[in-house]
Amino acid sequence: MSDRLSVFKTYKLYVGGKFPRSESGRVYEVSDAKGKWLANAPLSSRKDARDAVVAARKAFGAWSGATAYNRGQVLYRVAEMLEGRKGQFVHEVADAEGLSKSRAAAQVEATIDRWVWYAGWTDKIAQVVGGGNPVAGPYFNLSSPEPTGVVAVLAPQESSFLGLVSVVAPVIATGNTAVVVASETAPLPALSLAEVLATSDVPGGVVNVLSGRTAEIATPLAAHQDVNAIDLAGADDVLAKELEIAAADNLKRVLRPQPVDDWSATPGIDRLTAFLETKTVWHPTGSLGASGSSY
């Protein structure tokens, strides 16, 4: 019988491609579904949230400017990395959600498949929601989707991994950058996902992961003038209403939480299009000249 002591994992935030502790130095206890202690997770502060927004904004230009095909390759690489660390995530999901190992394994496999599904959409969504428009005049008119910008994402509370990926992957697949607030009660899969992102090809700052009290982190994000949109999937009705009011201050796009989200269902393209803007270009034909305009 070995008397060796286990090496406990130190979970950290993920901001700008680095793994800082919370600037406040605070942590909180994370327990499994039966109340057994699992780990101490960082308790993010308002300062951490602001730092994550700065990192996301800094990364936005290069990420949104990358080709859709390249973004798809990067996302697929993340799926490859998740496949290689499947055992770790099965263990964490089983503890977080109180699932048997077989059910947790099915959940993790569905999550990897979900990531691949969104990776495949990166170079196809423009053809679905964009294209030429009929115009009555000597012009041609083209519409194309563009990413909204920095998106704050409140991860689902009850689905620590499949729900998390279901809200994060479509945001970055379409060229946005994300500040993710992990599930308050089950943040460990999200913090481990950050390690996968850091060791894949996702540029630092494209995804930033915070853990702690959802309301405490989400409130400054909703009111932040440099956050362009917010997904309220992980907010309850009361918090969602408060955040939606705060978000109205600078006309953020708000994706409201659904009464029942079945994260295991095959997703449509709603979350892909939720954080896209449409740019329309008008161009004259014939003898009106070669210059065009857009709005």
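**Exercise 1.** Work out whether W117 is buried, exposed or partly exposed.

*Solution.* Start with the cut-offs: buried means under 20% relative accessible area, exposed means over 50%, and partly exposed is in between (1.4 Å probe, protein chains only). W117 has a relative accessible area of 27%, so W117 is partly exposed. Now try Y118: its relative accessibility is 1%, so Y118 counts as buried.

A quick word on the model: it is predicted, so local features need pLDDT of at least 70 and side-chain atom pairs count only at pLDDT 80 or more, while totals for chains, interfaces and linings use all residues. Residues are numbered from 1 along each chain as its sequence is written, and side-chain values use heavy atoms, with hydrogens and water left out.

**Exercise 2.** Find which ring face R213 lies over, and which one R57 lies over.

*Solution.* The test is that NZ of Lys or CZ of Arg is within 6 Å of the ring centre and within 35 degrees of the ring normal. R213 lies over the face of Y28, at 4.6 Å from the ring centre. R57 lies over the face of F60, and here the distance to the ring centre is 5.7 Å.

**Exercise 3.** Say how much of the protein is buried, and check its radius of gyration against a compact globule.

*Solution.* Of the 295 residues, 46% count as buried. For the second part, the radius of gyration is taken over C-alpha atoms, and the globule rule is 2.2 Å times the number of residues to the power 0.38. With 295 residues, a compact globule would come out near 19 Å; the protein has 20 Å, so the two agree. Finally, the C-alpha trace spans about 90 × 35 × 35 Å along its principal axes.
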